[in-house]
Amino acid sequence: TPAPQPPAPRIMPYSLLLIDGDAKSTALLTSSPKEDFRLEICEAAYKALERLRSAPFDLILLGGKPADMPGMAFLRILRDMESGKTMPVIFLPDGKLSETMSEAFELGVDDYLAKPYDPRELLMRIRAVLRRKYERQEHWGGELTVAGVYINPSQRQCVVDGSHVSLRPLEFSLLDTLLRKSGR
């Protein structure tokens with residue numbers, strides 16, 4: 001009899017935050033395959049800001065019309081937050097207006113897909129933005145936070161859920177590698 005195979009490693013799904021007051025957009029995304037993603041939905045921008053302060057997300061899907069403020073206003077607030085400066089964002093406005101597109105890219109969106117869109121195209125764009133994000137982090141080796149674990153390689157600093165953790169050099173290097181490959 002063949003030797004039993006070890007179980008396949010469990011890959012953590014990426015966590016996405018959809019901010020949109022449009023019920024059609026929300027329904028479209030919740031019906032899409034989600035094996036690689038954990039999707040949380042906020043209709044209101046202020047609720048989304050609270051969530052961003054309390055939980056880490058890998059990517060934001062920003063509709064043009066959150067329930068309580070325009071998408072561009074939310075994007076400005078996000079970029080002023082320390083955790084939001086480098087947060088990947090895919091902007092999903094209603095229709096394609098060149099002035100909206102240029103303003104969105106000036107505010108640092110990573111991609112732009114006007115409604116109505118094909119859910120398969122959105123999934124491909126999500127995967128591409130996440131791939132670029134994690135490749136960039138692996139290459140530069142800067143500060144990183146994943147699931148409550150913060151590391152700063154230049155200072156060899158590790159903080160887990162707010163508590164500093166002392167690690168030996170080899171332990172730190174291993175943790176750094178594992179966090180940079182999170183989700184894979």
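In what order do the 4 strands of the open sheet run, and is their pairing parallel or antiparallel? The order is β6-β7-β8-β9, and the pairing is antiparallel. Keep in mind that this is a predicted model. Besides that sheet, here's a quick tour of the nonpolar cores, the aromatic rings and the cysteines.

**The open sheet and its helix**
- At the edges sit β6 (144-146) and β9 (163-164), each of which pairs on one side only.
- Strands β7 (residues 149-152) and β8 (residues 157-160) run antiparallel and are joined by 4 bridges.
- If you want a spot to look at, take Val-149: its bridge partner in β8 is Val-160.
- Helix α6 (residues 169-180) packs on this sheet, where it touches β6, β7 and β8.
- The direction of α6 makes about 115° with that of β7.

**The nonpolar cores**
- The largest nonpolar core has 24 residues, and the members that touch the most others are Leu-52, Ile-60, Leu-62 and Phe-74.

**Aromatic rings**
- You'll find 2 aromatic pairs in the structure.
- One of them is Phe-91 with Tyr-112, a tilted pair at 5.8 Å centre to centre with 55° between the planes.
- This pair links distant parts of the chain, with Phe-91 in strand β4 and Tyr-112 in strand β5 (residues 111-112), 21 residues apart.
- Both Phe-91 and Tyr-112 are buried.

**Cysteines**
- How many disulfides does the structure hold? The count is 0.
- Cys-42 has a relative accessible area of 0%, so it counts as buried, the cut-off being under 20%.
- Cys-158 is also buried, because its relative accessibility is 2%.

Note on methods. Residues numbered from 1 in each chain as written. Predicted model: local features only at pLDDT ≥ 70, side-chain atom pairs only at ≥ 80, totals over all residues. Heavy atoms only, no water. Disulfide = S-S within 2.5 Å. Buried < 20%, exposed > 50% of the residue type's maximum accessible area, 1.4 Å probe, protein only. Core = buried A, V, L, I, M, F, W, Y, C linked by side-chain atoms within 4.5 Å. Phe/Tyr/Trp six-rings, centres within 6.5 Å; stacked < 30°, edge-to-face > 60°. Helix = DSSP H or I, 4+ residues; strand = E, 2+ residues; numbered from the N terminus. Pairing = 2+ DSSP bridges. Contact = heavy atoms within 4.5 Å. Axes fitted to C-alpha atoms, helices over the stretch in contact; angles between N-to-C directions.
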